[in-house]
Amino acid sequence: MRDKITRLERRILLAEAIVVLSIFIYLFFSAAPLARYPIAGQTIFDPDFAFEIEEGDEVIISTNLEFTNTIILKQGSDIQLPPGTYYWKAKNWLRESKVQTFTIQSNVGLDLYKRGENYELGNSGNVDLEVTKKKESITTNIPLEVGETKEVKGDNSSYEGKQNG
């Protein structure tokens, strides 16, 4: 048996080690995911938006910088986030992008549709509403959760919606 490695064999082993190390370094830096949208510090007024990432498999969202309460989204995931400030990053099998923040702004939306003799009130915003119905000297409060609709009489009342809370 041969115990010694020749000089040529040492050079070949060194060259192979350099190639393997270079490949790992390339993979580490080129496979870094990139969080594209929403951009850092952005305020979003329309809560129906899509995250945009590159070289990533999932989006991780949290309400705190330590990511102690996370939401993980994969390709095709759909979520409705309530108003507030969020931290997010993209992740792939090897790395995570840098953390970015965005804020979803409160959006009060009250729709009124005529339905035959009556009307339909609808909350099209992203916050719960307290709707005030006024007819002459009578005032009635109608709570409406996000996405909820309620039928009301077509009796010439006026309606005003405000964020609940």
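I started with Glu120, and in this predicted model it is partly exposed, with a relative accessible area of 23%. Next I looked up its partner: the side chains of Glu120 and Arg115 meet in a salt bridge at 3.4 Å, N to O. Arg115 is partly exposed too, at a relative accessible area of 46%.

How many salt bridges does a search of the whole structure find? I noted 7, and I picked out a few to follow.

Glu54 and Arg36 join their side chains in one of them, at 2.8 Å from N to O. This pair links distant parts of the chain, since Glu54 sits in strand E3 (residues 52-54) and Arg36 in strand E1 (residues 34-37), 18 residues apart. I found Glu54 partly exposed at 37% relative accessible area, and Arg36 partly exposed at 42%.

My next stop was Glu58, whose side chain meets that of Lys74 in a salt bridge of 2.6 Å, N to O. Glu58 belongs to strand E4 (residues 58-62) and Lys74 to strand E5 (residues 70-74), so the pair ties together parts 16 residues apart in sequence. Is Glu58 buried or exposed? With a relative accessibility of 11%, Glu58 counts as buried, because the cut-off is under 20%.

I also wrote down a network of salt bridges that links Lys133, Lys135 and Asp155.

Then I turned to a sheet. Its 3 strands run in the order E11-E10-E13, open and with antiparallel pairing. E11 (138-144) and E13 (158-163) are at the edges with a single partner strand each, so one side of each has no neighbour in the sheet. From one strand to the next, the twist averages 25°. E10 (residues 129-135) pairs with E11 over 7 bridges, and I spotted Leu129 opposite Leu144 in E11.

How values were computed: Residues numbered from 1 in each chain as written. Predicted model: local features only at pLDDT ≥ 70, side-chain atom pairs only at ≥ 80, totals over all residues. Heavy atoms only, no water. Pairing = 2+ DSSP bridges. Helix = DSSP H or I, 4+ residues; strand = E, 2+ residues; numbered from the N terminus. Axes fitted to C-alpha atoms, helices over the stretch in contact; angles between N-to-C directions. Salt bridge = Lys/Arg side-chain N within 4 Å of Asp/Glu carboxyl O. Buried < 20%, exposed > 50% of the residue type's maximum accessible area, 1.4 Å probe, protein only.
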